[in-house]
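Please look at the sequence and the structure shown below, and then read the notes that go with them.

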Amino acid sequence: MPQQIAKKIISLEEYKKLLDKILKKIQADKTFQPDTILALSTGGFPVAVATAKRLGIKSRNVIGIPVYKDDTGDYHLDS
């Protein structure tokens, strides 16, 4: 059964709190030491850079690849 994704508009403060929780979980796993972030986004690439910085990843190691939504609602790497 496909997972349903709930959409909600949140404030910047709520976003920061959620991001803090996620980053703490990532940083708690001492076996996971990423040195690169691949950002597949529909406009969220700047978020990837900020996240990388918080994880100690140099921004030059953030690879942004835009994805596009087609008429059927599917996402693709090309337009």
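What follows is a short briefing, grouped by topic.

This is a predicted model, in which local features need pLDDT of at least 70 and side-chain atom pairs count only at pLDDT 80 or more, while totals for chains, interfaces and linings use all residues. Residues are numbered from 1 along each chain as its sequence is written, and side-chain values use heavy atoms, with hydrogens and water left out.

**Overall build**

- The chain has two helices and four strands, where helices (H or I, at least four residues) and strands (E, at least two) are DSSP runs numbered from the N terminus.
- Read from the N terminus on, the order of these elements is α-β-α-β-β-β.
- Of the 79 residues in the chain, 14% are buried; here buried means under 20% relative accessible area, exposed means over 50%, and partly exposed lies in between, with a 1.4 Å probe and protein chains only.
- When contacts between residues at least 6 apart in sequence are considered, 46% of them join residues at least 24 apart, a contact being heavy atoms within 4.5 Å.

**The nonpolar core**

- The largest nonpolar core consists of five residues, namely Ile-37, Ala-48, Ala-52, Ile-57 and Val-62; such a core is a set of buried Ala, Val, Leu, Ile, Met, Phe, Trp, Tyr and Cys residues joined through side-chain atoms within 4.5 Å.
- In soluble globular proteins, nonpolar side chains tend to be buried together.
- If its neighbours within four places in sequence are left aside, Ile-37 has contacts that include Thr-51, Leu-55, Asn-61 and Ile-63.

**Charged and polar side chains**

- The count of salt bridges comes to one, a salt bridge being a side-chain nitrogen of Lys or Arg within 4 Å of a carboxyl oxygen of Asp or Glu.
- This salt bridge joins the side chains of Asp-20 and Arg-54, at 2.2 Å from N to O, and it links distant parts of the chain, since Asp-20 is in helix α1 and Arg-54 is in helix α2 (residues 45–54), 34 residues apart.
- Asp-20 counts as partly exposed because its relative accessibility is 29%, and Arg-54 is also partly exposed because its relative accessible area is 42%.
- Asp-29 lies in the loop between α1 (12–28) and β1 (37–41), and its side chain makes a polar contact of 2.5 Å with the side chain of Thr-31; a polar contact is a pair of N or O atoms within 3.5 Å, where within protein one must be able to donate a hydrogen and the other to accept it, and residues adjacent in sequence count only if both atoms are side-chain atoms.
- Asp-29 counts as partly exposed because its relative accessibility is 35%.

**The surface**

- The chain exposes about 7000 Å², of which carbon and sulfur atoms supply 58%, with accessible areas taken from the Shrake-Rupley method with a 1.4 Å probe.
- Lys-24, which is placed in helix α1, is exposed because its relative accessible area is 59%.
- The C-alpha atoms of Lys-24 and Leu-55 are separated by 9.5 Å, although the two residues are 31 residues apart along the chain.
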